[in-house]
Amino acid sequence: MCLGIPGEVIEFLPDQPDLARVDVSGVRRVINVGLLADDPPEPGEWVLIHVGFALSKIDEDEAAAALSFLEGIGQAYEDELAALQDSRIE
Amino acid sequence: MRFVDEFRDADKAHALAAKIAALCEPGRQYKLMEVCGGHTHTIYKHGLEDYLPEQVTLVHGPGCPVCVIPMGRMDDAMALAAQPDVIMTSFGDMMRVPGSHGSFFDAKARGTDIRMVYSPLDSLKIARKNPDKRVIFMAIGFETTAPSTAMTMLRAAAEGLGNFSIFCNHVTIIPAIKAILDSPDLRLDGFIGPGHVSTVIGCRPYEFIARDYGRPVVVAGFEPLDILQSIYMLMRQLSEGRAEIENQYARVVPWDGNVVALKAIGETMELRPYFEWRGLGFISHSALKVREKYAQFDAERLFSVPGVRVADPKACQCGEVLKGVLKPWECKVFGTACTPETPIGTCMVSPEGACAAYYNYGRLTRTRVKEASGA
Amino acid sequence: MTTGHPSQPATQDGRPERPGSPQPLPGTVREELVLDRIDRARRARPRVKEERITMSHGAGGKATQTLIEAVFLDAFRNPLLEPLEDAARIHVNGARVALTTDSYVVSPLFFPGGDIGDLAVNGTVNDLAVSGAVPLYLSAGFILEEGFPVADLIRIVASMQAAARRAGVQIVTGDTKVVERGKADGCYINTAGVGVIERAGTLGVAQARPGDAILVSGPIGDHGVTIMLARGELDIEADVVSDTAPLNGLIASLLAKTPGVRALRDATRGGVATILNEIATAAGVGILVTEDEIPVRLEVRGASELLGIDPMYVACEGRVVVVVDGDQAGQALAAMRAHPQGEQAAIIGRVTAEPPGIVQLKTAFGGTRIVDLLVGDPLPRIC
C-alpha cells in the first residue's frame, strides 16, 4: 500500500496533458502526473509512482548526496577494517 | 533498477550496522517505532533486524491502512458490493480482509462482482465501460493515497460521470502517532517516520513530536539502506541528546509536502469528527469523508450502509500489535488459529501487517537463522 | 542473573521474579515455544475450511495443496497417487511408464511467445520429462464455447502440432465438447501424456538431502508476467514473452551427463518458490537460496516491483528446477548451459539439514528471510 516505485518519464501523451508514459526497468506504463502540476516533470526526469499517480519528483542531487554519504560510510568502514587488520598488538 | 539497487548494497549495510552499534550506550535499551506498514514489510523482507545490535528493538506501529479498518466498516463495504448492479472495485490488499461474513474474496466466490484494481483510475475506466452499472471504489490509505482518490473524483466530475462513487476510508497519520505517544503502555525512544505519507504532508506535521514529547523523528525511505541510515540518524540524535525532525528521504520528500495534492484533498474531502480505528478505538479528526459538494461521488450518501459497530473477535489481539505493545508472535492465536490463509485479524491479512510480515518472512529465531546460513 | 533453578528463569532485564508468581519467560524462549506451536499447526492434517471453491484453490499454493490432500488424495488414496509428483510412475507388463494430465484454462488464449496450444503440449511433455520419462504420446480434449471462432481453433491446433513435432511426441487421441455461450471462456484444453522410463532409479523430491545443490534452467517469472500484461487491464507495456518450451531435450541431456540428479520439477503456477517448498516438505530438509543467484529478467523485475509481487511466485512454463548431488553441481550446470533451453541456467542454492521443511532466502542485502507457500492468488488463470 505504501508502494511507491521510481520511474523515468519518457513522454507526455499528446492529447492529455495530465498523462505521461513512464519507464520502470524497461516496463512502460501511462500514469497521471496531475499532482505535479506546479512543477511538471520533463522527459528524462524521475518520479515516484503510487497507484497510477506521480506523487513527487526524485531529486537527483539529493539522491547523489544520499549515496555519497553511504559511500563515505562504506569507505570509512573499509578503512577501519583495514586499520584493524594492520594493527597487531602481539 | 535505478534509485533502488544503490540503496540495497550489503557492504554499506554492514558499515551502518557497525556505526549503530557504536552509538549504543552500554546497558541501555532502545525502542524505535517504525510507523509505516511499508517499512515493517521492508524490514522483514530484507532481514534488516539481523543487522541491529541486541540493544535496539524495532516496534511495529499502526501505519497500515488496511490493518486499522474495523470489522464494521468491512461489513459496510460488503453490503455495498452486494447491492444490485454494483461493481465493487478495490486494491488487492483489501480482498482478504475478514468482515463478519467473510471477505471480498469469499463474496467473489459467491458471485458478487468485485474486481481488483491497481489504481482508482482503473475504477473510472470500468465505470465508463459499464454505464448501466454503478461502480464503487473502496478508497483506503493514509495521506499517501488520498490525493489519488481526490484527483479521480475531480476527473469524474469533469467528465460528468454519473455511475461512479467512492466508499471513503482514508485515515490520517498524525492522530495515530499522537495516540501512540499518549498511550501509557509504551515507552518509545524515537520514530522512523513514514516516507510516502510525508511526500504529501511534508515534515512539519511531525514537529510536535520533538517539541512536545521530546522524541526524535527521521523520515525514512523504503530501501533497506534508507531504513538503516534512518536508524543511525536516530541513534545519533539520541546519543547527542537532540530531539529533531530529520529527513533521510530528501530525494523524494519535500519539507513542505505537495501543495497540489493537499489542495485536491481539501477540495473534495473533509475530516470526520471521529472515526473508529481497529485496536486504537475512536480517534477524533482522524479520517476523511467526501464533501457535500461532491456528494454524487459518495457511496455512503448514495447507498444505505448498515453502519453497525462490530467488536473484534475475542481471540483477536490486533489492537495491541498495532500499538506495538505485543510482538506478533506474542498474540495468543498467532500462527495457529490466525494464519495468512485463515486470518482472524487485519494484521495477518495485509501484506504490510506486522503479523503477516513476521509469519511470511521472519518466522525463525535469530539463532536458527545463523545455524541455517552456516550449513 | 538467574537464580540457578531451571524452573525460575529471570525476566528479560534480569530482575528476579517474586517467588510464587507466574514466571514470564525470557523473550527467546517464548518465541521458540510459539514457533513450535506453529510448526505443529502447520503439520496437522489438512482440512478444507471453505464451503466454496475460490480462486486460491487454483493458484498452486497452500489452498491448492490443501484441496488436493484433503479432497482428492483422501478419496482416491493409493500408493501410486501418494507421491503427488508431476506424473505417476506405473508398471505396465514390465515396462515403467509415466502418466500425467493437465488442463489449460489460460486467458488470454493468444499472448506474446505462444498460445494455449503451446502450453497444452509443452506443459504435459514437461511433466513427463521431469519424471525421467521419454514423452511419447498425448491425448487432447477440447471444451469449446458456443460462438468461438473456428479460425482461432485452427490457429491453436496448428500450434499444438508444431509444438508436438518440436518435442518429438504425437497426439494420438482426443475429444471435443461444446458448451453454451458464457461458459468455457472460448476454449479449455486438457492433455494427458504417457512416456517410458528407461533410466534406472527414480527421481523424486523426497530424495533431496543436505548438501545437494539446487539449479534453475533460466530466468524466472517470464510467463506469468507476460500473461498479466497481455490481459491489458494494467496498461503496462513491456518486451516480455512467455517462456513456454518443451524441456525433454534439455532434461535428457542433463540426465545423460549427471548421474547424481535426485529430482526435477517444472516450475509452473506458484513459481519457483512453490517447488522449493515442495522439496523441503517432502524430504524434511531445509533449503537456502541466494537472491543474487536467481536469474530474473530486468523487465520481469520491473513489472513485479510496479505491482508489488515477488517473481519467485510467478509462473514459468519452460523452466526446470533441478536437485542434484552437491558434488555434481558444476557438471549439471555445464550440461544445462550446453543446451539452447538452458543457456542461462544457474545454481541458486543448497539443501540444508536445518530447519526442516523451511525455505530461506539470503537477500541481495545480506539478511535472511523465509520463502513460504503462496497464500491467495496474485495472477489468476495463467496456465
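Residues are numbered from 1 along each chain as its sequence is written, while chains are lettered from A and ligands numbered from 1 in the order in which they are written. In this predicted model, local features need pLDDT of at least 70 and side-chain atom pairs count only at pLDDT 80 or more, whereas totals for chains, interfaces and linings use all residues.

Student: How many residues of chain C are in contact with chain A?
Tutor: Two residues are in contact if their C-beta atoms, placed from the backbone, lie within 7 Å. On the chain A side there are 9 such residues. On the chain C side the number is 13.

Student: Which element gives the most to the side of chain C that touches chain A?
Tutor: Helices (H or I, at least four residues) and strands (E, at least two) are DSSP runs, numbered from the N terminus. At least two residues each come from β9 (236-238) and α8 (298-307) of chain C. The most, 7 residues, come from α8(C).

Student: In β9(C), what is the bridge partner of Arg29(A)?
Tutor: Strand β3 (residues 27-32) of chain A runs antiparallel to β9(C), joined by 3 bridges. Two strands pair if DSSP finds at least two bridges between them. The partner of Arg29(A) in β9(C) is Ile236(C).

Student: Is Thr149(B) buried or exposed?
Tutor: Thr149(B) lies in helix α6 (residues 146-159) of chain B. A residue is buried if 20 or more other C-beta atoms, placed from the backbone, lie within 10 Å of its own, exposed if 12 or fewer, and partly exposed in between. Because Thr149(B) has 28 other C-beta atoms within 10 Å, it is buried.
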